[in-house]
Amino acid sequence: MLVAPNSAYAYSVTNAGGSAATPTQTITTEASKRVSGDSLTFFQEANPAPSGFAAGDTLEISLSGGATFADANISLEASAGGAGTGDLTWATFSGSPQGRSSLTVTIQQGTTPGSFANFDGLILSGNTIAGQSLTINLPQIAGRDIFISFTLRNSGGTVKGTASLKLFDNTLAPAGNLEESQSAIKTVLATHIRNMTSQSVSLSGLITGRGFGRGGGSLGGLFGDSAAFGNALAESTGLTLPVALELNEGRGNFAANLNSVMNWTGELAAGEQNTGGLPPSAFSNFESPMNLWVKGRWEGINDSRGGTAGDSDFGLFMTGIDYRVDKDTMVGILGQYDLYKSTATGQDSQGEGKGWMVGPYMVSRLDENLIWDGRVAWGKSKNKINPLGRGWDKYDGERSQLETNLTGDIRSENWEFYPQIGINYFREEQKAYTNFGGERIEAQTITFGNLTFGPEVVRVLQVEDGPIYRPFVALRGIWDFRAPPIAHSNGSQVDTEKLRARAELGGDITFEDGGSIYAKYAYDGIGLANYESHSFEIIANTPVTFGFLPDNSKFKSSFNQDVSSTQASTFRIGLDIPLN
């Protein structure tokens, strides 16, 4: 690099030959960039130089925009007659320039040329020898151009001349402003919160058994009747492990309930108890009050309500441990971990993050046909946002959640009725941070609340000496009574505080030999424009008998078809084996 005098003495930036400097380079998000050797010279255009340089002058070399020098050493070669002399003694820099954005050197009489009369500039080199390339650390800020500037002062501090050159031209659009960043965060976080709260944990299932896995058996059965350790474990703990699992391309969920109900699972697996499908609380003596469970789901979601497609991949894992106060009441602690990756509808913004929450819960059967559950949780999150595609920022969040539900559990010989109503309220505070453009993005709070309600009705049809038919229909209303609007990049907004519904229709048939067929069709998005999802699922079970398998083992196959903005088909096959 060559820098030449302007101002009173006409200094400029040229190459080592005194001609035009190396053209400006184009950058985007590079971490560093090199400038070739002999291409940056601080040059005095008049030659010979009348008082252009003198002993005791200082030369400040600075980079703009947050750029810094990357080389561990820098030297300055004398220029005479528009060419380098190889002499590095005219100006020296003490210490390391690495990581600094500004350097100052003092000019002194060198060896070649023999006097200041023939000295016309200094050539930058990124090493201890002349002619080497110079490496610059870049701030990776969209729209931030980088300049190098030279300021020459006499021994008294008076400016004698300055010169500058644009080294790097950043072709990315400049960083967004406060409003754009906050809008992008609000849209992405709202999508994630909506996904987390769209389905209740359904803690009532800890009492009814619905939604936390069915079947299972004593752990002692894993070791056989003659295994003293296995039988001792089963007799002392009575642990059971019902498990439910569903997987496909676009979504999935799982649940497992490590429930201490030894007498129920042992007798049920042995065929000694005719439960008729009643929940555990209706016929079990809960000798062990402790219970551990896990539950989770993951989904791929498309939402085009903002005018452009927004895709989200979302996962939620929950685990809890509870203590049964009595037969119909339990209290516990629930922890959850969630993660997401999302493209915001209506914007070119992208976001991803992960978070956790923990808090107490309680489930209680208020009477024979009514169950109440409630929970509160607090936690934190770590997130990344790329507002309008301009660059990634990191920010933290603090969150809290309140959820409560009333669930009916009404059963007769021919009918089952499961009405439900629940409220879910979620609050997350985005902490203030500094974005990639160096701007401070202030804190904001996103709140989301919804009310869910609706029944599921099951008709039980028992054919004498034949199968049991259980057709059902369910309608679930979802009202987002508190939700941020979807912001479009053109400044418009789409209100999301609306009511929608999900309808399900299906049934199952249970045969005398223990085999069964289950089918369900679901449609989500009733009453909501630009948002819909169709799914169909069929599951078949049949008992299998092999000498090496326990009684009640079942061969299972299923098919699932899901259609929204995308389509996914899944065929599953498996073997259910009771553990005792």
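Reader: Over residues 246-250, how many contacts beyond four places in sequence does the model have?
Author: This is a predicted model, and for residues 246-250 it has 19 contacts beyond four places in sequence. The pLDDT stays under 50 over that stretch. Where pLDDT is low, the predicted coordinates should not be read in detail.

Reader: What is the mean pLDDT of the protein chain?
Author: The mean is 74, and 66% of the residues reach 70 or more. Over residues 1-7 the pLDDT is below 50, while the model gives this stretch 63 contacts beyond near neighbours in sequence.

Reader: How many helices and strands are there?
Author: The protein chain has four helices and 40 strands. Of its 580 residues, 45% are buried. Among contacts with a separation of 6 or more, 64% are between residues 24 or more positions apart.

Reader: Let us turn to the aromatic residues. How many aromatic pairs are there?
Author: The count comes to 10 aromatic pairs. One of them joins phenylalanine 53 and phenylalanine 119 in an edge-to-face arrangement, with 5.0 Å centre to centre and 80 degrees between the planes.

Reader: Where do phenylalanine 53 and phenylalanine 119 lie, and what does the pair tie together?
Author: Phenylalanine 53 is in the loop between strand E5 (41-44) and strand E6 (58-63), and phenylalanine 119 is in the loop between strand E11 (102-107) and strand E12 (121-125), so the pair ties together parts that are 66 residues apart in sequence. Phenylalanine 119 also forms an edge-to-face pair with phenylalanine 116, at 6.0 Å centre to centre and 85 degrees between the planes.

Reader: Are phenylalanine 53 and phenylalanine 119 buried or exposed?
Author: Both phenylalanine 53 and phenylalanine 119 are buried. Phenylalanine 116 is buried as well.

Reader: Which residues do the ring pairs link into a cluster?
Author: The cluster consists of Tyr11, Phe42, Phe53, Trp90, Phe116, Phe119 and Phe150.

Reader: And what lies over the face of tryptophan 392?
Author: That is lysine 384, at 5.1 Å from the ring centre.

Reader: On to the sheets. In what order do the three strands of the open sheet with E13 run?
Author: The order is E4-E13-E7, with antiparallel pairing. Strand E4 (32-35) and strand E7 (68-69) are at the edges with a single partner strand each, so one side of each is left without a neighbour in the sheet.

Reader: Over how many bridges do E4 and E13 pair?
Author: E4 pairs with strand E13 (residues 134-137) over four bridges, in the antiparallel sense. Within this pairing, serine 32 has asparagine 137 in E13 as its bridge partner.

Reader: What about the six strands in an open sheet: what is their order?
Author: They are arranged as E3-E15-E14-E6-E11-E10, and the pairing is mixed. At the edges are strand E3 (25-27) and strand E10 (91-92), each of which pairs on one side only. Inside that order, E6 and strand E14 (residues 146-153) are antiparallel over six bridges. Serine 62 has serine 149 in E14 as its bridge partner.

Reader: Why is strand E8 described as largely enclosed?
Author: Five of the six residues of strand E8 (residues 75-80) are buried, so the rest of the structure largely encloses this strand. E8 pairs with E12 in the antiparallel sense over five bridges, and serine 75 is opposite serine 125 in E12.

Reader: Which residue in the turn between E8 and E9 has a positive phi?
Author: It is glycine 81, with a phi of about 65 degrees. E8 and E9 form a hairpin with two residues between them. Strand E9 (residues 83-84) runs antiparallel to E8 and is joined to E8 by two bridges. In E9, alanine 83 is the bridge partner of alanine 80.

Reader: Now a helix. How many residues of H1 are buried?
Author: 15 of its 20 residues are buried, and H1 is mostly covered. Helix H1 (residues 178-197) reaches 28 Å from its first C-alpha to its last, close to the 28 Å expected at 1.5 Å a residue.

Reader: Finally, threonine 329: which strand is it in, and what does it touch?
Author: Threonine 329 belongs to strand E21 (residues 329-343). Leaving aside residues up to four places away in sequence, threonine 329 touches Tyr323, Arg324, Met362, Val363 and Ser364. Its relative accessibility is 12%, so threonine 329 counts as buried.

Methods:
Residues numbered from 1 in each chain as written. Predicted model: local features only at pLDDT ≥ 70, side-chain atom pairs only at ≥ 80, totals over all residues. Heavy atoms only, no water. Phe/Tyr/Trp six-rings, centres within 6.5 Å; stacked < 30°, edge-to-face > 60°. Buried < 20%, exposed > 50% of the residue type's maximum accessible area, 1.4 Å probe, protein only. Lys NZ or Arg CZ within 6 Å of the ring centre and 35° of its normal. Pairing = 2+ DSSP bridges. Expected span 1.5 Å × (residues − 1). pLDDT = per-residue confidence, 0-100. Contact = heavy atoms within 4.5 Å.
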